[in-house]
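Here is a colleague's note, meant for someone who is opening this structure for the first time. Please keep the sequence and the view at hand while going through the numbered points.

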Amino acid sequence: MGKLSFFFVGLLAVASVAAGRFERSVFEATRLKRDATMRCCNDGFETSEVHAKFVEIRAACMGELDLGEIPHEELVKNREHLNCITECIAKKEGIADENGALLHTDLAKVVLEHMSTIEWKVPLAEGFIQQCFDEVELTDGAFVPSDEAKCNPEGFDFVFCLWRQFTLACPEEYRDDSDKCVELREKLANKEDVSGLHDDIEAAE
């Protein structure tokens, strides 16, 4: 898996944090665990190949941003922290410019390459990528750093959008149809907050 693919999978993990769905161990341990909500689509998606690389990059970014000592609960509730971590990873991987804006052409190639290994995602990937680029252009295209928002939200919003699209499109044969996973998909379809579902999905396994 290439350097830029590490970026893509790493950002997917950061996106999971945003909704309060990522386990504490992501920030405290040396291994990157699979997020509970990813289990709602059991298509064999694995992150084991990128554990060490992403942990290294994320740790470096956390240190540079002086976020290493911030309690997990505070970190995941602060959208600016998440934007800054994502922007830092993107810049380190050479897939964002100096303003933190994603380099769309390069990122699209990375995502398409990564998705080519997951058969059901292949025919959907290009359309989802464009939809998410369009979405973040509307929400983040006019971003200008300020005292309140120093980091560009585009990277975070793009990966969260892509995760949402593929979660909703998960084929029936891979879907977990437990009550909590059904609830997750319904909330994602309606663009509702899903931050409270991680523990419930974890407990239901």
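How far apart are the sulfur atoms of C40 and C181, which form a disulfide?

1. The sulfur atoms of C40 and C181 are 2.0 Å apart, where a disulfide is taken to be a pair of cysteine sulfur atoms within 2.5 Å. The link of C40 and C181 is left-handed, with -75° about the S-S bond. Because C40 lies in the loop between helix 2 (25-28) and helix 3 (51-64) while C181 lies in helix 9 (residues 179-189), this pair ties together parts that are 141 residues apart in sequence. C40 counts as buried at 1% relative accessibility, and C181 counts as buried at 0%; buried here means under 20% relative accessible area, exposed means over 50%, and partly exposed is in between, with a 1.4 Å probe and protein chains only. The helices are DSSP runs of H or I with at least four residues, strands being runs of E with at least two, and both are numbered from the N terminus.

2. A word on the basis of these values: this is a predicted model, in which local features need pLDDT of at least 70 and side-chain atom pairs count only at pLDDT 80 or more, whereas totals for chains, interfaces and linings use all residues. Residues are numbered from 1 along each chain as its sequence is written, and side-chain values use heavy atoms, with hydrogens and water left out.

3. The structure holds five disulfides, and, with bonded cysteines counted along the chain, they follow the pattern 1-10, 2-9, 3-5, 4-7, 6-8. Two of them deserve a description beside the pair in the opening point.

4. C84 and C151 form a disulfide with their sulfur atoms 2.0 Å apart, and with 95° about the S-S bond this link is right-handed. The pair joins distant parts of the chain, with C84 in helix 5 (residues 79-92) and C151 in the loop between helix 7 and helix 8, 67 residues apart. Both C84 and C151 are buried.

5. In the disulfide of C132 and C161 the sulfur atoms are 2.1 Å apart, and the link is left-handed, with -80° about the S-S bond. C132 lies in helix 7 and C161 in helix 8, so the pair ties together parts that are 29 residues apart in sequence. Both C132 and C161 are buried.

6. Which residues have the most contacts inside the largest nonpolar core? They are L107, V111, I129, F158, L162 and F166, in a core of 23 residues; a nonpolar core is a set of buried Ala, Val, Leu, Ile, Met, Phe, Trp, Tyr and Cys residues joined through side-chain atoms within 4.5 Å. Helix 6 (104-115), helix 7 (122-140) and helix 8 (154-169) are the elements that give two or more residues to this core, and helix 7 gives the most, with six residues. A second, separate core has eight residues, including L67, L75, I85 and C88.

7. D66, in the loop between helix 3 and helix 4 (72-77), has a phi near 60°, a positive value in a residue other than glycine, and at 65% relative accessibility D66 counts as exposed. K191, in the loop between helix 9 and helix 10 (198-204), has a positive phi of about 55° although it is not a glycine, and K191 counts as exposed at 58% relative accessibility.
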